Amino acid sequence: MTDFETLRALEAVIFAAAAPLTLADIAAHVGQRGDLPALLAELADSYAPGGINLVERGGRWQFQTAADLAHHLRPAREQVRKLSRAAVETLAIIAYHEPVTRPEIEEIRGVAVSAGTIDVLLEAGWIRPAGRRETPGRPLQYATTPGFLVHFNLTSRRDLPGIADLKAAGLLDREPPTELALPFSGDRE
C-alpha cells in the first residue's frame with residue numbers, strides 16, 4: 001500500500017468510526033504500514049485549513065468541526081444546562097488530582113459533595129469510576145474521561161492551566177488571606 005493509499009484508508013477508518021480511535025485501533029484496521037503517527041500528522045495538516053479537522057485528544061484520533069465554525073452549529077445543538085458551582089469545583093478537583101475519592105474532594109472543597117453533583121458529571125461523560133482505593137472502607141475513586149478532553153478541547157490533562165496561569169487570570173487569590181481585623185475590641189463599655 002502506498003502512502004497515498006494508506007492516507008485514504010486512515011481517513012476512511014477514522015471518519016466511519018463511532019468513537020475516537022487509538023493508534024492500536026487504527027493499526028487493526030489498516031495494518032502496520034508506514035509510520036502511522038507521521039501519516040496521521042500529515043492527514044491532520046491536510047485538514048487544518050478546512051471546516052473539519054483531524055485531531056488527537058487523549059491519544060485518540062477523531063474528526064471534529066473547526067473551532068472557528070462552532071457558532072454555525074450552536075442553534076442545532078441540544079441546549080445543555082449550566083453546571084452548578086459545586087459541579088465545576090468538583091470537576092476541577094477531579095481533573096487536577098485524579099484519581100481522587102469523594103472524601104478527598106470534600107476535604108479540598110471544605111464542604112460535602114452531594115451524590116447529585118457526581119451523577120451530573122458521570123452523566124455528562126466527563127468523569128468515570130477509576131477503581132477503589134486500597135484503604136479502609138475501599139472508597140471509590142474518580143478520574144476524567146476522554147470525553148472530558150474532547151469537550152474542553154484538551155490534548156491531555158497536561159494542557160490544563162497551571163497555578164501561575166490561574167493566578168494571572170485572576171481566578172486564584174494572589175496572596176494568602178491575612179488575619180481578619182475586627183473593628184472593635186472584645187470588651188464592651
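The model is predicted. Three strands form an open antiparallel sheet in the order E3-E5-E4. Helix H5 lies across E3, E4 and E5, and helix H7 lies across E4 and E5. Elsewhere, helices H1 and H3 cross at roughly 75°.

**The sheet**

- The strand order is E3-E5-E4, and the pairing is antiparallel.
- Strand E3 (100-101) and strand E4 (127-132) are the edge strands. Each of them pairs on one side only.
- E3 is joined to strand E5 (residues 140-144) by two bridges, and these strands run antiparallel.
- In that pairing, Val100 stands opposite Tyr142 of E5, while Thr101 has Gln141 of E5 as its bridge partner.
- E4 is joined to E5 by four bridges, again with the strands antiparallel.
- Pro129 also stands opposite Tyr142 in E5.
- E5 is mostly covered, with four of its five residues buried.

**Helix H5 and Thr90**

- H5 lies across E3, E4 and E5 and runs at about 90° to E5.
- Thr90 is part of helix H5, which spans residues 85-97.
- Is Thr90 buried or exposed? Thr90 is buried, because its relative accessible area is 0%, and the cut-off for burial is under 20%.
- Which residues does Thr90 touch, beyond those up to four places away in sequence? They are Ile105, Arg109, Val113, Thr117, Ile118 and Leu121.

**Helix H7**

- H7 (residues 115-124) lies across E4 and E5, at about 110° to E4.
- Gly125 follows H7 and has a positive phi, near 80°.

**The H1-H3 pair**

- Helix H1 (residues 3-16) and helix H3 (residues 36-47) have axes that come within 10 Å and cross at roughly 75°.
- H1 is therefore roughly perpendicular to H3, since that description takes in angles of 65 to 115 degrees.
- From H1, the contact uses Asp3, Thr6, Leu7, Leu10, Glu11 and Ile14. From H3, it uses Leu36, Leu39, Leu40, Glu42, Leu43 and Tyr47.
- By class, this contact of H1 with H3 has eight nonpolar, one polar and three charged residues.

**Thr22 and its surroundings**

- Thr22 sits in the loop between H1 and helix H2 (23-30).
- Leaving out residues up to four places away in sequence, Thr22 touches Gly59 and Arg60.
- How far apart in space are Thr22 and Gln62, C-alpha to C-alpha? The distance is 9.3 Å, for a separation of 40 residues in sequence.

**Backbone details in the loops**

- Glu98 and Pro99 are joined by a cis peptide bond, with omega about -10°. Pro99 belongs to the loop between H5 and E3.
- Arg138 is in the loop between E4 and E5. Its phi is positive, near 40°, in a residue other than glycine.
- Arg138 counts as partly exposed because its relative accessibility is 40%, which lies between the limits of 20% and 50%.
- Where does Asn153 lie? Asn153 is in the loop between helix H8 (146-151) and helix H9 (163-168).
- Asn153 is not a glycine, yet its phi is positive, about 55°.
- With a relative accessible area of 43%, Asn153 is partly exposed.

Terms used:
Residues numbered from 1 in each chain as written. Predicted model: local features only at pLDDT ≥ 70, side-chain atom pairs only at ≥ 80, totals over all residues. Heavy atoms only, no water. Buried < 20%, exposed > 50% of the residue type's maximum accessible area, 1.4 Å probe, protein only. Contact = heavy atoms within 4.5 Å. Axes fitted to C-alpha atoms, helices over the stretch in contact; angles between N-to-C directions. Parallel < 35°, antiparallel > 145°, perpendicular 65-115°, else oblique. Nonpolar A, V, L, I, M, F, W, Y, C, P; charged D, E, K, R; others polar. Pairing = 2+ DSSP bridges.
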